[in-house]
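Here's a quick briefing to read alongside the model. Have the viewer open and follow along.

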Amino acid sequence: MKIIALNSNYDNPTATMHNGVTVMTDSSLAKSGKPWFVPDFAESFSYTPHIVLRIGRLGKNIGQRFALRYIDAVTVGCTVNASGLNGALGNAFDGAAMLGEMLSVEQAGDLAALTATVTNGSATTVCRASEMAMPIDEIIAWVSRYFTLKIGDLIYTGATGVFTPLTIGDTVRGSINGEALLDIRIK
């Protein structure tokens with residue numbers, strides 16, 4: 001299982017493609033309901049929310065018109081960035097991919113109308129699928145040009161560009177279309 005996170009998806013499609021992706025391993029996952037312990041290798045950490053897609057079938061070079069068939073569940077998640085560190089050290093470390101509980105595609109409804117909301121104290125960030133520069137079906141097709149998508153792979157659909165600081169005592173909560181799916185306490 002791999003985690004593929006688009007680094008940006010709220011500018012324009014060309015910028016999304018050129019800003020690339022971050023590939024993480026399964027040890028990067030921080031699942032809802034479990035505490036997230038602040039690592040000691042950076043002075044500060046921040047997160048940005050994403051709509052997350054789970055792949056439900058094997059695919060390579062997927063045509064855009066077939067792309068939605070490859071998604072079996074969605075959720076809300078956050079990628080965590082360590083200040084002062086670049087590349088994988090700064091954004092693909094253990095625990096760098098917060099992940100909410102999954103909703104089946106049937107439960108989620110229209111994927112193009114998904115709204116993910118993440119709160120941390122008074123800070124609230126909203127991601128709307130309808131506002132992404134590269135829509136969900138195009139994301140699947142584009143990513144599958146470079147990576148073979150396998151059952152269980154996760155795609156974080158693109159950061160909003162809003163980075164919220166994480167501090168000990170915070171609780172990061174997230175929902176998709178109002179359904180609570182993410183709850184992680186920062187320790």
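Is R128 buried, partly exposed or exposed? R128 is partly exposed, because its relative accessible area is 33%, where buried means under 20% relative accessible area, exposed means over 50%, and partly exposed lies in between (1.4 Å probe, protein chains only). This is a predicted model, so local features need pLDDT of at least 70 and side-chain atom pairs count only at pLDDT 80 or more, while totals for chains, interfaces and linings use all residues. Residues are numbered from 1 along each chain as its sequence is written, and side-chain values use heavy atoms, with hydrogens and water left out.

**Salt bridges**

- The count comes to 4 salt bridges, each being a side-chain nitrogen of Lys or Arg within 4 Å of a carboxyl oxygen of Asp or Glu.
- As background, side chains of opposite charge can pair when their charged atoms come close.
- One of them joins R128 to E131, at 3.8 Å from N to O; E131 is partly exposed, given its relative accessible area of 46%.
- Another brings D72 and R54 together at 2.9 Å, N to O. This pair links distant parts of the chain, with D72 in strand β5 and R54 in strand β4, 18 residues apart. (Strands are DSSP runs of E, at least two residues, and helices are runs of H or I, at least four residues, numbered from the N terminus.)
- Both partners count as partly exposed: D72 has 30% relative accessibility, and R54 has 27%.
- R173 also forms a salt bridge with D183, the closest N and O atoms being 3.7 Å apart. Here too the pair links distant parts of the chain, R173 in strand β12 and D183 in strand β13, 10 residues apart.
- R173 is partly exposed at a relative accessible area of 44%, and D183 is partly exposed at 35%.

**Sheets and strands**

- An open sheet is made of 4 strands in the order β9-β8-β12-β13, with antiparallel pairing; two strands pair if DSSP finds at least two bridges between them.
- β9 (123-128) and β13 are the edge strands, each with a single partner strand, so one side of each has no neighbour in the sheet.
- On average, neighbouring strands of this sheet are turned by 15 degrees against each other, direction ignored. The axes are lines fitted to C-alpha atoms (for helices over the stretch in contact), and angles run from 0 to 180 degrees between N-to-C directions.
- β12 and β13 run antiparallel and are joined by 6 bridges. R173 has D183 in β13 as its bridge partner.
- Elsewhere, β1 (residues 3-6) pairs with β2 in the antiparallel sense over 4 bridges, and L6 has V21 in β2 as its bridge partner.

- The largest nonpolar core has 58 residues, of which W36, M98, I140 and I155 touch the most other members. A nonpolar core is a set of buried Ala, Val, Leu, Ile, Met, Phe, Trp, Tyr and Cys residues joined through side-chain atoms within 4.5 Å.
- Leaving aside neighbours within four places in sequence, I140 is in contact (heavy atoms within 4.5 Å) with residues including L53, I55, Y70 and I155.
- S144 sits in helix α4 (residues 136-146) and counts as buried at 0% relative accessibility. Its side chain reaches the backbone oxygen of A141 at 3.0 Å.
- Beyond its neighbours within four places in sequence, S144 is in contact with K60, N61, I62 and L149.
- T75, in strand β5, is buried with a relative accessible area of 0%. The T75 side chain reaches the backbone oxygen of G100 at 3.4 Å.

- Most residues other than glycine have a negative phi.
- N61 has a positive phi of about 50 degrees although it is not a glycine; N61 is in the loop between β4 (45-55) and β5 (71-82).
- N177 likewise has a positive phi of about 50 degrees without being a glycine. N177 is found in the loop between β12 (171-176) and β13 (179-185), and counts as partly exposed at 43% relative accessibility.

Notes
A polar contact is a pair of N or O atoms within 3.5 Å; within protein, one must be able to donate a hydrogen and the other to accept it, and residues adjacent in sequence count only if both atoms are side-chain atoms.
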